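Thank you all for coming.

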Amino acid sequence: MFTAEEIAFMRSLGLDFDFDDLSDDEWISIEEIIGDELTLKGLDIDYNPNAIGLICEEILAKIP
């Protein structure tokens with residue numbers, strides 16, 4: 001489901017899960033941490049996504 005780049009990015013944020021078999025709590029953790037990263041570092045001054053924002057958006061779009 002997630003690309004190697006997305007997994008590497010999530011691991012860099014401390015999310016060290018088995019991304020092939022995620023529990024409900026792990027999905028919630030991903031949503032919270034990636035959402036925070038998008039808000040804090042993923043938007044430019046005009047609120048357009050930068051490179052970090054784009055990968056965050058890709059990950060969030062895959063959350064069931």
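This is a predicted model: local features need pLDDT of at least 70, side-chain atom pairs count only at pLDDT 80 or more; totals for chains, interfaces and linings use all residues.

**A buried glutamate and the helices around it**

Let me begin with Glu37, which has a relative accessible area of 13% and is therefore buried, since the cut-off for that word is under 20%. Glu37 lies in helix H2, and, if we leave out residues up to four places away in sequence, Glu37 touches Phe9, Leu13, Gly42, Ile52 and Cys56.

On the H2 side the contact is made by Ile30, Glu31, Ile34, Gly35, Glu37, Leu38 and Lys41, and on the H3 side by Ile52, Gly53, Cys56, Glu57, Ile59 and Leu60. Sorted by class, this contact of H2 with H3 has 7 nonpolar, 2 polar and 4 charged residues, and the crossing of the two helices is left-handed.

H3 also packs with H1, at an angle of about 105° and with the axes 10 Å apart, so that H1 and H3 are roughly perpendicular to each other. Here the contact is made by Glu5, Glu6, Phe9 and Met10 of H1, together with Ile52, Ile55, Cys56, Glu58 and Ile59 of H3; by class, it has 6 nonpolar, no polar and 3 charged residues.

Now to the core. The largest nonpolar core has 16 residues, of which Phe2, Met10, Phe19, Ile30, Ile34 and Ile59 touch the most other members. Helices H1, H2 and H3 each supply at least two residues of this core, and H2 gives the most, with 4 residues. If you look for Met10, you will find that it touches Phe2, Leu15, Phe19, Ile30, Ile34 and Ile59, again not counting residues up to four places away in sequence.

Finally, please look at the loop between H2 and H3, where Tyr47 has its place. Most residues other than glycine have a negative phi, whereas Tyr47, although not a glycine, has a positive phi of about 65°. Is Tyr47 buried or exposed? At 66% relative accessibility, Tyr47 counts as exposed, because the cut-off for that word is over 50%.

Note on methods. Residues are numbered from 1 along each chain as its sequence is written. Side-chain values use heavy atoms; hydrogens and water are left out. A crossing is left-handed if the near helix is turned anticlockwise from the far one by less than a right angle, and right-handed if clockwise. Contact means heavy atoms within 4.5 Å. Ala, Val, Leu, Ile, Met, Phe, Trp, Tyr, Cys and Pro count as nonpolar, Asp, Glu, Lys and Arg as charged, and the others, Gly among them, as polar. A nonpolar core is a set of buried Ala, Val, Leu, Ile, Met, Phe, Trp, Tyr and Cys residues joined through side-chain atoms within 4.5 Å. Buried means under 20% relative accessible area, exposed over 50%, partly exposed in between (1.4 Å probe, protein chains only). Axes are lines fitted to C-alpha atoms, for helices over the stretch in contact, and angles run from 0 to 180 degrees between N-to-C directions. Angles under 35 degrees count as roughly parallel, over 145 as roughly antiparallel, 65 to 115 as roughly perpendicular and the rest as oblique.
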